[in-house]
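Welcome, and thanks for taking a look at this one with us. Please have the sequence and the model side by side as you read.

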Amino acid sequence: MRMGWSQGELGEHLDVSRQAINAIEVGKHDPSLELAFKISYLFGEPMEAIFHPHFAPKIGATHDGA
Amino acid sequence: MTERSNSKTTTTLIVSLCAGGLSALAGYGVAHHMVNTMRGQRWSDGLALAIAAGLLVLGILMLGAGLIDRLGRAMTRSEKLTSKMKRQHILQGVTMLLASFMMAAPPFMLATQGLSNDADPARAPILLGMIVFLFAGQTLINFDLWRTSDEFYRRAMLETSAISFWVLQGALFLWAVAERTGYAPVLQSWDAVCVLMAVYLVLSVVVTRRLGVE
């Protein structure tokens, strides 16, 4: 974890369980838009810098939207 | 593997072994006690008691996870448990214990009276009233659990419910057709409820494992 937090600590910051964080990390759960925004604000990064949808390369999407 | 994760794995292994041992003991105890009492009862009564025994052990474990910090941390593989998590564990434990009692009480009452179908008319209203009361309480707790769960656990609950509905309504439909055409014996609603509970419990384990809940 980039800020030195464990899954449990990150879960506490986001008000979700450690299991939810683990599932997001291993790609078994896609966070809701609300949770994705919370993560984005917490890390101070745009959402597309944190999440990389598996279909992005297929539709030619890039991080800067070009 | 680090020393810390080794220690966690050992703790998890010890907890799992204890849980397995407790389950086996509870299962043996219940089976030994009930084997003669249950002779001649419906198959669904036996299934109901097996489900009740499983829920009893799980309920005690969940309650323990909420009340005993070390056990809770070992079961959830977390460094610490927040008060919200402890509350969730306690409430889950209580719902399981209530479900266990509600599944066991009807067949147990019939078995101890040596009856296989209709309950003693003097005791039946008391049991029914008690179960309606407990069911209402359990529903309130379940509602609270849903309200306070995070989106991941809500997803697990929704997926389990959706798959259960799909599987069970299909099975019920096929059974109903077979029953209507004389190819299957007539079911009691108690039989259907016991099968529903058993399938729901199995599916909830499958869904949570599939979603990566450790």
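In which helix of chain B does Phe135(B) lie? Phe135(B) belongs to helix H5 (residues 124-148) of chain B, where helices (H or I, at least four residues) and strands (E, at least two) are DSSP runs numbered from the N terminus. This is a predicted model, in which local features need pLDDT of at least 70, side-chain atom pairs count only at pLDDT 80 or more, and totals for chains, interfaces and linings use all residues. Residues are numbered from 1 along each chain as its sequence is written, chains are lettered from A and ligands numbered from 1 in the order in which they are written, and side-chain values use heavy atoms, with hydrogens and water left out.

**Chain B overall**
- Chain B has seven helices and zero strands, and along the sequence its pattern reads α-α-α-α-α-α-α.
- Of the 214 residues in chain B, 32% are buried; buried means under 20% relative accessible area, exposed over 50%, and partly exposed in between (1.4 Å probe, protein chains only).
- Phe135(B) counts as partly exposed because its relative accessibility is 49%.

- H2(A) is largely enclosed by the rest of the structure, because seven of its eight residues are buried.
- Those buried residues pack against H1 and H3 of chain A and against helix H3 (69-76) and H6 of chain B.
- After H2(A) comes Gly27(A), which has a positive phi near 80°.

**His29(A) at chain B**
- His29(A) sits in the loop between H2 and H3 of chain A and is buried, at 5% relative accessibility.
- Beyond residues up to four places away in sequence, His29(A) touches Ala23(A), Ile24(A), Glu151(B), Phe152(B) and Arg155(B), a contact being heavy atoms within 4.5 Å.
- The side chains of His29(A) and Arg155(B) make a polar contact (3.0 Å), meaning a pair of N or O atoms within 3.5 Å; within protein, one must be able to donate a hydrogen and the other to accept it, and residues adjacent in sequence count only if both atoms are side-chain atoms.

**Salt bridges**
- Over all chains there are nine salt bridges, each a side-chain nitrogen of Lys or Arg within 4 Å of a carboxyl oxygen of Asp or Glu.
- Asp15(A) and Lys84(B) form one, with their closest N and O atoms 3.5 Å apart; Asp15(A) is in the loop between H1 and H2 of chain A and Lys84(B) in helix H4 (residues 83-112) of chain B, so the pair joins two chains.
- Glu159(B) and Arg155(B) meet in a salt bridge (2.9 Å, N to O), and both lie in helix H6 of chain B, four residues apart, about one turn of the helix.
- Glu159(B) is buried, at 18% relative accessible area, whereas Arg155(B) is partly exposed, at 24%.
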